[in-house]
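Here is a guided reading of one structure. Keep the sequence and the 3D view open as you go.

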Amino acid sequence: MGKINDILSPFTAWKHVVNEPLSVKEPLKREGADRYRGFHKNEIDKCIGCGTCEEICQNAAIDMVPVEGKETKDGDSGLRPKIDYGRCCWCALCVDICTTGSLSMSNEFKWIDENPDNFRFVPGAENKPWDDKEKGWKKPDYHLYNPERVEMHELKPEERDKSFIEIIHGYSKEQALLEADRCVACGICTATCPAHMGIPEYIKAIRNDDLEEGLRILYDTNPLPEICGRICTHKCETVCSVGHLGDPISIRWLKRYIADQNPSDKYKEILGTENIEKNGKKVAIIGSGPAGLSAAHYLSLMGYSCTIFEKLPQAGGMMRYGIPEYRLPYESLDKDINYIQSLGTEFRYNTTVGKDITIEQLHEKFDAVFAGTGLHLGRSTRIPGTDHADVYQAVDLLRDIVLGNEVPVKEKIVVIGGGNVAMDITRSLARLQNQKYGKVQIITTSLESEDIMPADREEIVEGREEMAQIIPGWGPVSIKIEDGKIKGLNVVKCLSVFDEERRFNPKFDDNQTNFFEADMIVESIGQGMDLSYISDKTKENLKLDPRGRIIVDEYFRSSIDWLFVGGDIIQGPDVIHGIANGHKAAIGIDNFINNQNK
Amino acid sequence: MKELIDRLKTSYTVEDYIQQRSDLAHITVSKETAVDFISHLQRVEGYKHLVILTAVDWIEDGKFQLTYLLNNPEMKNDINVKVFIERENATMESIHHLWEQARTYQRELKEMFGIDFPGSPGVDKPFILEGWHDLPPYRRDFDTKKYSEETYFPRPGREKNDPATYMKQKLYPNE
């Protein structure tokens, strides 16, 4: 019997031939689930090439590669992820961490190709059939890093609006560790920082709680970390990859944390600068602002003896005589400056080059000269009425506040300008009004509308918190004067500030006018340079561009071989460009002096 | 499912309960009561089908989470029984007497997480990894990237670029 069954059983299967099959028909046409993790998609214009996907991939399946048509620029490396599907395990960590949300996975999981190399490609750069598929895995609403920054404690407006004490408290260790932990260490920020600071590296030092290492990283590129940790324009934060879908990392406050935590008496030991061998060469530096101090620092490390000639009674330039104490307290300023002084730099205060000593004498006595004299001459709007005695320049008033000179404070003040200097004088005068009258009556007006005001956002917000009225978008026309007294400022609506070629060319609507009442007016529309310290004889050899600026090479050497120039008069205006210029000039000066001695 | 949960709560200590969907509830019970609880669900409440038994490594808390996903074919709903056990020397009572196929899951968990199920038939036999001498690979302290870099050679023609270094080359090579 058994044998017959064995022979017949294959034929019994034939009875099922008319039944509906149970297996899936055409399996290649079956769609993946709605949230299936299939082949990647990348919105290539949204992607910034931060490489965080590559970093998190546990299978080393992702390479960052250059892609045609994608340029390397501020905030974008120009690289895009290329995925090796021989390694990808479809875990989607790359999608979950993506800082811009550009990377996702389609629900397509079938693709047939005979060439294994075709299974390595750059999603978004090579058209794939699933690029337009909506379904698949997208960045979820939970976060692999915290998108919100650790809040910084600061004085409330009513605690600060009558005094010049520092507003920002600084991070505690717990706060700094939490904030540092948000950094994905992509390093996109480094290119944008004018000094190209090792930002991910010093944030890593915070995570490792190795603040001495952190300080060494800061001083590699920036000898003013207490200062920059407070008042840097933090261009780095504007390109931070984490800022695309959340708050950028508080890079500036983290820098301040490192500097604040290291005691000044340990600096030389930590930075290994206790015994610097002198090389017997001397460099004269004109001006003790960020550029001059930076040059002095890096030249001192190379063994040069530096002498800084400073017109004012103390060092720091605009950092002391421009930036108010509530933003940058003197003890923080002095901590950075004293360290540079301790490396052997000599400061000659109250010494004006061109008057007390000539630039030719500097050339004779020193091997090279660096000038970082900044922009200290306030520019005027030159509208009718600006020659009145109660019209002032912001930079002059800010300097007088620091010098302890008497500063005029009227009951009603109008400030013209929309940059950080305008905010500094607005907020300083608001404090002085509060001290004198118990109330604030100050209007600050700028040509620029609010969205394009050059001042840092927090300056505008904090100024308003301190009861200053900031009214952007108006152009000054004339100052109204009656019986020899200022009555106010006539303004007209400003429609646009720049033309299509991004040139300064304001357009006004003469039909929309306004009047801001005032008995004192402060102009803060920019500063110019004062080159009177360079004698006419030397100036003859100094090449200027058509707009009157000194021409320098990449090491900030002017057309006079022994004269190097940097800082606000060349680039900026801000502290961090000054620091970068001073550093580069120090290298240029070293090369120049070494070549001379050959 | 609410009624069922209330009924269960009278006999068992439910440490946590989440109703994710009308047909899916997560219930956390202690390691000691878990097997009794699961067999009650199977024999009394109609959860006859073991969909999956798997684990999650909560390394920061020093715990493994065991996930027993049970299905009630009549009611057409699922209960996910969650059990947290110590990560160190992780052991759990076997449920192969309730479902024969559980021993396969338990063998997998032993191999991939290092969770032991004493008495589970063949639990120490290799499952899919042959000649494995490293940490159990689903443990979060197993460095997958390091392992893949050491074990597999990169495909020829691959190039790597660090974004910060690449930007320096492109934008400021001399600084």
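The paragraphs below take up chain A and its domains, then a sheet, then chain B.

This is a predicted model, in which local features need pLDDT of at least 70, side-chain atom pairs count only at pLDDT 80 or more, and totals for chains, interfaces and linings use all residues. Residues are numbered from 1 along each chain as its sequence is written, while chains are lettered from A and ligands numbered from 1 in the order in which they are written.

Start with chain A. It is divided into domain 1 (28-137), domain 2 (164-270), domain 3 (277-376 + 529-596) and domain 4 (380-525). These bounds come from an automatic or database domain assignment.

Now look at domains 2 and 3 of chain A. Their C-alpha centres lie 26 Å apart. Domain 2 of chain A brings 22 residues to the contact, and domain 3 of chain A brings 27 residues. Two residues are in contact if their C-beta atoms, placed from the backbone, lie within 7 Å. On the domain 2 side, α9 (225-231) and α12 (267-271) of chain A are the elements that give two or more residues. Helices (H or I, at least four residues) and strands (E, at least two) are DSSP runs, numbered from the N terminus. The most comes from α9(A), with six residues.

Next, find the open sheet of five strands in chain A. Its order is β9-β8-β7-β10-β21, with parallel pairing. Two strands pair if DSSP finds at least two bridges between them. The edge strands, β9 (346-348) and β21 (563-565) of chain A, each pair on one side only. Inside the sheet, β7 (residues 282-286) and β10 (residues 368-371) of chain A pair in the parallel sense over four bridges. A:A284 has A:V369 in β10(A) as its bridge partner.

A helix goes with these strands. Helix α13 (residues 290-301) of chain A lies across β7, β8 (305-309) and β10 of chain A. The helix runs at about 165° to β8(A). Axes are lines fitted to C-alpha atoms, for helices over the stretch in contact, and angles run from 0 to 180 degrees between N-to-C directions.

Along the sequence they follow the pattern α-β-β-α-β-β-β-α-α-α. The C-alpha trace of chain B spans about 75 × 40 × 30 Å along its principal axes. Of its 175 residues, 22% count as buried. Buried here means that 20 or more other C-beta atoms, placed from the backbone, lie within 10 Å of the residue's own.

Technical notes:
Buried ≥ 20, exposed ≤ 12 C-beta atoms within 10 Å, placed from the backbone.
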